[in-house]
Amino acid sequence: MRCLDFILPCLLAAEAYSQVTHSAPSPGLDQGVVAAWKGGAFTRGGERAVPLGDFSICVQSGADSLFDMQADGFELHRADKTVVFKMATPADRQIVLRTPPLQSAPRSIVVSIRRDPRQALAGLWIDGVEMASVAVAPGEIKWELSATKIHANEVRLYDRALTRPEIIEFSQQEPLRRPAPFAGEFAVMDGEVISVLGGTEAVGLVDAGWFETALMSFTSGRKVSVRDLAWEADTVLRQDRPMNFGDLTQQLQRTRTTTVMLMFGRQDCIEMDADGAPAFHEALEKIVQTCSAQTQRLVIIGPVPFEKKEPPLPDLTTKNVALRDYNEALRALAENHQGLFVDVLAEWPKTASRWTTDGLTMSDAGHRVLADLIALHLWNGAKSDATAAPLRKTIIEKNKLWHDYWRPSNWAFLHGDRTAQPSSRDHLNPGVRWFPAELEKYRELITEKEKEIWKQAAEQGGRLP
């Protein structure tokens, strides 16, 4: 294989990633609206013809209500279990987008038309999932909006194509209440969703299952969910995500997060060294503020100390002095935002050993020690019990399903820059996007596995919710 044959795909893949906290913000759902309809009448526009190039139509139909729209140039309606969009183009060609049969009544429908004769970038989205798409040639269309007939709860017409994150944002139905801070101690609510943010240690803590096993034993079968939003190598300055993944605010909204657990500091200390604590504090403050806009229930986990290993591995324990400054920055943030702080550095067992594989990367034994320490600090939990092994096994299975749903392989074919490729589509009907709809089936699998977790946790010492 030539070197370029290997390097070029890697460079192209790198371009499809973006910073979730530092990328340019989207215009916002209030930008580009040329007409809006709600409550039986137009609230904006609707009295004139509108020339459109790229455009979007967003419809909120309600949980059970039917919808039907018709105007000069297009129609959008639901026929039985299928949603159909038809549009006449200047070349007198009719564009048709049609979904496969839907299992339930759609709550939100979005038509996003991005004109490109080479790629199928005009899509029909149902409840935030792209179900069909087609290529639409460039050209201007004029719609006489005053002639529109509408049967829906709410409709917006945009003079631009919405992005996937914006479409998902529009599809969020119910505004989430902003939970208040913890009242000095850890407690869970019914329907609690704890989202974990951080780097490699945070990913490992969830994957190992020890922490969640202790948590579920403490909650005794109540409906509490853990969602891993962490990513390997994340730091407070860098959180790379695939194209169209959505920023942190949207990730918290999509998961309906009620408590955020943050785990940063070790990798930051490695990269920023002894003088980096002030910059670390400043960058993490921005992340905490983003989280606080969603929920004020914050748990901040201090960093695990580095472990000394035999040569030729470097002695990373020399960085533990600097790590204390990062630990104090985390403590200060917790205090400033009325969050709970777990001082891992101070409470790490002196007898612990072999908790890393190389002085930095935590082993399964290390994650067990950390989980026990978190449980002891937050809810005075006992150490891991061997009788909880079946519960931990189910938790690991659930988290594998979540990983495959939240971080699926071949993202580029799902929602990135390769959605127009034939392999991203139904081979019998190229207009149908089958990847996204198939992925959404994971949600039901995750829900069923969580019910199993709650039942097992209740049988260990509590009651079913």
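Colleague: At what angle do α3 and α10 cross, and within what distance do their axes come?

Modeller: In this predicted model, helix α3 (residues 200–208) and helix α10 (residues 364–379) cross at roughly 85°, and their axes come within 10 Å. That makes α3 roughly perpendicular to α10, because angles of 65 to 115 degrees count as such.

Colleague: Which residues of α3 and α10 meet there?

Modeller: From α3, Glu201, Gly204, Leu205 and Ala208 meet Asp364, His367, Leu370, Ala371 and Ile374 of α10. By class, the contact of α3 with α10 has 5 nonpolar, 2 polar and 2 charged residues.

Colleague: Turning to α11, how does α4 pack with it?

Modeller: Helix α4 (residues 210–219) packs with helix α11 (residues 389–406) at an angle of about 120°, and the axes are 9 Å apart. The two helices are therefore oblique to each other. The crossing of α4 past α11 is right-handed.

Colleague: Which residues make that contact of α4 with α11?

Modeller: On the α4 side they are Trp210, Glu212, Thr213, Met216 and Ser217; on the α11 side they are Leu391, Arg392, Ile395, Lys398 and Asn399. The contact of α4 with α11 divides into 4 nonpolar, 3 polar and 3 charged residues.

Colleague: And α11 with α13: are they roughly parallel or roughly antiparallel?

Modeller: Their axes cross at roughly 165° and come within 9 Å. The helices α11 and α13 are therefore roughly antiparallel to each other. Here the crossing, with α11 passing α13, is left-handed.

Colleague: Which residues of α11 meet α13?

Modeller: The α11 residues are Pro390, Leu391, Thr394, Ile395, Glu397, Lys398, Leu401, Trp402, Asp404 and Tyr405. Their partners in α13 include Leu439, Glu440, Tyr442, Arg443 and Leu445. By class, this contact of α11 with α13 has 12 nonpolar, 2 polar and 8 charged residues.

Colleague: Changing topic, how much space lies in the largest pocket?

Modeller: About 1700 Å³. The lining of the largest pocket has 50 residues, and those nearest its centre are Arg107, Asp127, Tyr405, Glu440 and Arg443. Tyr405 of α11 and Glu440 and Arg443 of α13 also belong to the contact between those two helices.

Colleague: Which element gives the most to the lining of the largest pocket?

Modeller: Helix α13 (434–459) gives the most, with 13 residues. Among the other elements that each supply at least two residues are β12 (129–134), α2 (164–171), β16 (192–198) and α11.

Colleague: How many residues of that lining are nonpolar, polar and charged?

Modeller: The lining of the largest pocket has 22 nonpolar, 12 polar and 16 charged residues.

How values were computed
Residues numbered from 1 in each chain as written. Predicted model: local features only at pLDDT ≥ 70, side-chain atom pairs only at ≥ 80, totals over all residues. Heavy atoms only, no water. Axes fitted to C-alpha atoms, helices over the stretch in contact; angles between N-to-C directions. Helix = DSSP H or I, 4+ residues; strand = E, 2+ residues; numbered from the N terminus. Parallel < 35°, antiparallel > 145°, perpendicular 65-115°, else oblique. Left-handed = near helix turned anticlockwise from the far one by under 90°. Contact = heavy atoms within 4.5 Å. Nonpolar A, V, L, I, M, F, W, Y, C, P; charged D, E, K, R; others polar. 1 Å grid on protein atoms, 1.4 Å probe; cavity = no way out; pocket = protein on both sides within 12 Å on 5 of 7 lines; lining within 4 Å. Points joined across faces, edges and corners; volume = space filled by probe spheres on them.
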